[in-house]
Amino acid sequence: MNIKTLYNSIEKFSVNKNVLEKYRTNNNETLHQHSITKQDLFELVSFSNNINEYINLNLVNVWVFILPPNLSLEDHIDGSYDSYKRLLFPIEANDKCENIFYIGDNVITKIFKENLLYWFESTKIKHNIFNKGNTIRYSLIIDVTSTDEFENILNTDFEKNELC
């Protein structure tokens, strides 16, 4: 796998917004995240069979990540975790919520679309997210065990996009 590649699911997945309601907030001052249960994850999102089965068998952690308007994370590289992969799933976003990648001297900005699953080498690429929009961005951070099957799913259920 090329570390300069951004993968996104081919299929958009349906979301049960009623499950999201228990994680909603009116706090527009700080970003926050909440750990959620495996049951809530599968009640919230209907993944395709391949991805659903993989996540079900290999789930490590899952959080709802809440990013209010005009806030961002610090530029960072995710901690070293060779044993698992981090998937990102925007549930509610806006077209001004920028995912920023720093590769060498290149600064690449991407807008992640709602209801698509994303993956990139977050332990090797410095990145950030900045919500320049007027609405709160809700997304899932899904950590799964890294297995040989992960690469197979990337090759069959995801599109590849070169970051630079």
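Tyrosine 81 is placed in the loop between β6 (71–72) and β7 (84–92), where helices (H or I, at least four residues) and strands (E, at least two) are DSSP runs numbered from the N terminus. The model is a predicted one, in which local features need pLDDT of at least 70 and side-chain atom pairs count only at pLDDT 80 or more, while totals for chains, interfaces and linings use all residues. Residues are numbered from 1 along each chain as its sequence is written, and side-chain values use heavy atoms, with hydrogens and water left out. With a relative accessible area of 9%, tyrosine 81 is buried (buried means under 20% relative accessible area, exposed over 50% and partly exposed in between, with a 1.4 Å probe and protein chains only). Leaving aside neighbours within four places in sequence, tyrosine 81 is in contact with Arg86, Ser122 and Thr123, contact meaning heavy atoms within 4.5 Å. The C-alpha atom of tyrosine 81 is separated by 10.0 Å from that of aspartate 143, the two residues being 62 residues apart along the chain.

In helix α3 (residues 49–58), the buried residues are Ile51, Tyr54, Ile55 and Asn58. These residues lie on the same side of α3, because they cover an arc of only 95 degrees around the axis, the arc being that of the directions from the helix axis to the C-beta atoms. The exposed residues Asn49, Glu53 and Leu57 are carried by the face of α3 turned away from its buried side. The cover over the buried residues of α3 includes the helices α2 (38–44) and α4 (148–157), together with β5 (59–67), β7, β12 (137–145) and β13 (158–162).

A search of the whole structure finds nine aromatic pairs; rings of Phe, Tyr and Trp (its six-membered ring) pair if their centres lie within 6.5 Å, and planes under 30 degrees apart count as stacked, over 60 as edge-to-face and the rest as tilted. The ring centres of phenylalanine 13 and phenylalanine 89 are 6.4 Å apart and the planes stand at 40 degrees, so this pair is tilted. Because phenylalanine 13 lies in the loop between β1 (5–9) and β2 (14–15) and phenylalanine 89 in strand β7, the pair ties together parts that are 76 residues apart in sequence. Both phenylalanine 13 and phenylalanine 89 are buried. The pair of tyrosine 54 and phenylalanine 150 is likewise described as tilted, since the ring centres are 6.0 Å apart and the planes are at 50 degrees. This pair links distant parts of the chain, with tyrosine 54 in helix α3 and phenylalanine 150 in helix α4, 96 residues apart.

The structure holds one cavity of 30 Å³ or more, and the largest cavity has a volume of about 50 Å³. On a 1 Å grid over the protein atoms alone, a cavity is a set of points where a 1.4 Å probe fits but cannot get out, a pocket is an open set with protein on both sides within 12 Å along at least five of seven lines, and lining residues have an atom within 4 Å of a point. Grid points are joined across faces, edges and corners, and a volume is the space filled by probe spheres set on the points. Among the residues lining the largest cavity are Tyr54, Leu117 and Phe150, and α3 and α4 each supply at least two residues of this lining. The largest pocket contains about 280 Å³ of space; of its 18 lining residues, the closest to its centre are Leu73, His76, Leu88, His127 and Ile141.
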